[in-house]
Amino acid sequence: MNYNIAKNVSLSELESYFSEDYVHFGDVVNPPKTSDRQVGVIWKLLSLTQGSPVLELGCGYGRISNRLAEKGARVTGLDRSAILLKKAEADAAERGVDVEYVLGDMRSLPWRDRFDAAFLWYTTFGYFDDADNERVLREAASSLRKGGRLLIDNPNRFESLRHEFPVCSVAQRNDDVRIDIYSNDVLSDRENLERIIVRDGRVRRTHLSYKQYGFSEYVRMLQSAGFETVEAYGQEGGAFTSDSSRLMVVAYK
């Protein structure tokens with residue numbers, strides 16, 4: 001059987017997916033209480049303290065970064081979407097916190113040995129082919145000081161394989177609707193998401209795809225990137241099992 005493996009998401013697809021529509025449904029999909037709880041998990045897993053310099057890669061519209069700043073961390077957020085960063089900056093101003101937001105590509109970071117911790121949250125790792133995904137990890141490692149920690153939060157592919165695909169989820173905000181249709185490509189280990197937005201009398205479609213890695217693959221990639229030890233956790237930072245909906249990986253440099 002000949003099979004053409006999908007390798008990554010194009011930059012144009014990423015820009016289309018992470019648009020103002022993404023922000024519009026943000027608090028419906030992740031209500032403030034959910035975001036507050038997730039920040040607590042991140043703070044604990046990364047052993048953050050007051051004044052800790054921390055980097056969020058793929059920070060989006062700042063729902064996590066700005067909350068970490070409110071808890072006392074010194075936060076830098078990087079994203080390639082100017083639309084989302086503008087929203088993040090506006091939210092930071094409303095909260096009265098100082099967060100450094102940078103427009104850029106996580107595959108090429110401008111910092112070296114600067115941060116105590118970095119993280120990729122809410123399925124922000126795996127968009128690219130294997131070589132570029134590993135490049136993200138090397139860049140993250142280079143941005144961290146000795147002893148720094150990297151946290152990655154992605155779906156647990158073993159749990160997702162139990163679902164009958166396609167899987168559909170719907171989010172609604174007033175008269176606007178977002179429909180997500182998930183499919184799982186077991187030959188490429190990529191999950192594909194087709195998103196349909198019905199808003200303001202218009203229909204828009206976007207696509208996202210990401211590689212789902214197992215823990216042993218993370219260990220290999222992270223050690224190759226310069227990390228010494230790697231730990232696994234399930235959702236909310238609990239014990240990781242095959243039934244966990246999330247795989248949270250913490251790597252120590």
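This is a predicted model: local features need pLDDT of at least 70, side-chain atom pairs count only at pLDDT 80 or more; totals for chains, interfaces and linings use all residues.
**Notebook: a first look around**

I began with Thr-123, which sits in the loop between E4 and H7. For these labels, helices (H or I, at least four residues) and strands (E, at least two) are DSSP runs, numbered from the N terminus. Residues are numbered from 1 along each chain as its sequence is written.

**Entry: positive phi**

I looked up the phi of Thr-123 and found it near 60°, a positive value in a residue other than glycine. I noted that most residues other than glycine have a negative phi. Is Thr-123 buried or exposed? Thr-123 is buried, with a relative accessible area of 11%; buried means under 20%, exposed over 50%, and partly exposed in between (1.4 Å probe, protein chains only).

My next stop was Asp-200, in the loop between strand E8 (190-199) and strand E9 (202-211). Asp-200 also has a positive phi, about 55°, and is not a glycine. At 62% relative accessibility, Asp-200 is exposed.

**Entry: a cis bond**

I then checked the peptide bond from Phe-165 to Pro-166, and it is cis, with omega near 0°. Pro-166 belongs to the loop between helix H8 (157-160) and strand E6 (167-173).

**Entry: Ala-118**

I found Ala-118 in strand E4 (residues 115-120). Ala-118 is buried at 0% relative accessibility. What does Ala-118 touch, not counting residues up to four places away in sequence? I listed Leu-46, Val-54, Leu-55, Leu-144, Arg-149, Leu-150 and Leu-151, where contact means heavy atoms within 4.5 Å. I also looked at Thr-49, which is 69 residues from Ala-118 in sequence and 14 Å away in space, C-alpha to C-alpha.

**Entry: H7 and H9**

I followed helix H7 (residues 130-143) to helix H9 (residues 215-225), and their axes come within 8 Å and cross at roughly 45°. Axes here are lines fitted to C-alpha atoms, for helices over the stretch in contact, with angles from 0 to 180 degrees between N-to-C directions. H7 is therefore oblique to H9; under 35 degrees is roughly parallel, over 145 roughly antiparallel, 65 to 115 roughly perpendicular and the rest oblique. The contact is made by Glu-134, Leu-137, Arg-138 and Ala-141 of H7 and by Arg-220, Met-221, Leu-222 and Ala-225 of H9.

**Entry: cysteines**

I searched the whole structure and found zero disulfides, a disulfide being a pair of cysteine sulfur atoms within 2.5 Å. Cys-59 is buried at 5% relative accessible area, whereas Cys-168 is exposed at 51%.

How values were computed: Side-chain values use heavy atoms; hydrogens and water are left out.
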